[in-house]
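Please look at the sequence and the structure shown here.

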Amino acid sequence: RAMSPRKIIIDTDPGQDDAFAMLLALGSPELEVVAVTAIAGNVPVSKTERNARQLVELAGRPDIRVAPGCTRPMVKPLKTAEYVHGDSGLEGWELPEPSTPALPVHGVDLIIDTVMAAPAGEITLCPLGPLTNIAMALIKEPRIAPRLREIVLMGGGYFEGGNTTPSAEFNIFVDPHAAHVVFTSGVPLTMVPIDCTYKAILTPAWLERLKAVGKRTALAAAGLAEFYQRYGNQKFGTDSYPLHDPCVIGYLLRPGIFGGRKCFVEIEITSPVTMGATVVDWWNVTKREPNCMVLRDLDNPAFYDLMLERIARLP
Ligand code: BDR
Ligand code: CA
């Protein structure tokens, strides 16, 4: 008997690597994407929401509910990343205007309503951007916390430091206060920091295999990746660059190709120097109860083989 698919909500700020995460999820029968909520991050939410609708339609799934979430972080002003993702957030491929309008519902309410309507322990949240919507949902309706199965998020960095400041990764740096709310919520957490995602290097050879699939979605994904690679060239001086966000979905599909350990993790929300740092007690020196599974290792070829096979299933 086939197991029923695991239900996930993707909270996202697309973003080329967010796009890969969404496509990997939508191409995977083990997962059912029950809602997509957009958040301000890589670009403002007016753009990430539209990008999210374009992506579900690209994957042939206009039926998936997409709602716009919060317009800015809880305390700090919004910091965006057009220098990585381009002005639209999805530079690299011209996607058609979405045919379905935005849902007339706020993303925070879509999260709350979906979780409250589902049986307890059923829904997994997959945040791929700043954690504002998740924190706001936990604050507005605390009863969702014990009903969630798990939160698996892309964010943070410990051994690699940060990619936005020397000590903070983008998603956590943009809204550290929201991250603090999430990391103290008691919900089972898995964090995929840059310590892990820097091992998810996309190679030019893989990009050629993706293009060779020849279908609409694969070609669009390849175009997005090619644009995003340019930033990799500037940053690392190589022709390869990591795709961060699809690691979240990869972990849900194949936990065995990831390695990590459960740790106590705290978010820095006070120091102006290290604001947004994810302080991981890797060696449990505080003896505090772990609140998060922290991923660090990845079998890159297995991950990219999986991603290719799944994106190739899409139209
Ligand atoms: C994260 O920041 C964003 O630019 C990416 O989409 C990813 O979620 C990596 O630090
Ligand atoms: Ca993202």
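## Ligand 1 and its surroundings

In this predicted model, an oxygen atom of ligand 1 lies 2.8 Å from an N or O atom in the side chain of Asn163, a polar contact being a pair of N or O atoms within 3.5 Å, where within protein one must be able to donate a hydrogen and the other to accept it, and residues adjacent in sequence count only if both atoms are side-chain atoms. An oxygen atom of the ligand is likewise 2.6 Å from an N or O atom in the side chain of Asp17, and for the side chain of His85 the corresponding distance is 2.9 Å. Of the 280 Å² of accessible area that ligand 1 has on its own, the protein covers 95% (Shrake-Rupley method with a 1.4 Å probe; for residues, only the protein chains shown count as cover).

The residues around ligand 1, each with a heavy atom within 4 Å of it, include Asp18, Leu128, Phe170 and Asp245.

Asp13 counts as buried because its relative accessibility is 0%, where buried means under 20% relative accessible area, exposed over 50% and partly exposed in between (1.4 Å probe, protein chains only). Asp18 is also buried, with a relative accessible area of 0%.

## Helix H5

Helix H5 spans residues 132–140, and its buried residues are Thr132, Asn133, Ile134, Ala135, Ala137 and Leu138; helices (H or I, at least four residues) and strands (E, at least two) are DSSP runs, numbered from the N terminus. These buried residues pack against several elements, among them strand E1 (6–12), helix H4 (107–117) and helix H7 (176–183), with contact meaning heavy atoms within 4.5 Å.

## Strand E12

Strand E12 (residues 292–298) is mostly covered, since five of its seven residues are buried. Strand E6 (residues 189–192) pairs with E12 in the parallel sense over two bridges, pairing requiring at least two DSSP bridges between the strands, and Thr190 has Met293 in E12 as its bridge partner.

Strand E9 (residues 258–263) runs antiparallel to E12, to which six bridges join it, and Gly259 stands opposite Asp297 in E12.

## Reading the numbers

Residues are numbered from 1 along each chain as its sequence is written, while chains are lettered from A and ligands numbered from 1 in the order in which they are written. Local features need pLDDT of at least 70 and side-chain atom pairs count only at pLDDT 80 or more, whereas totals for chains, interfaces and linings use all residues, and side-chain values use heavy atoms, with hydrogens and water left out.
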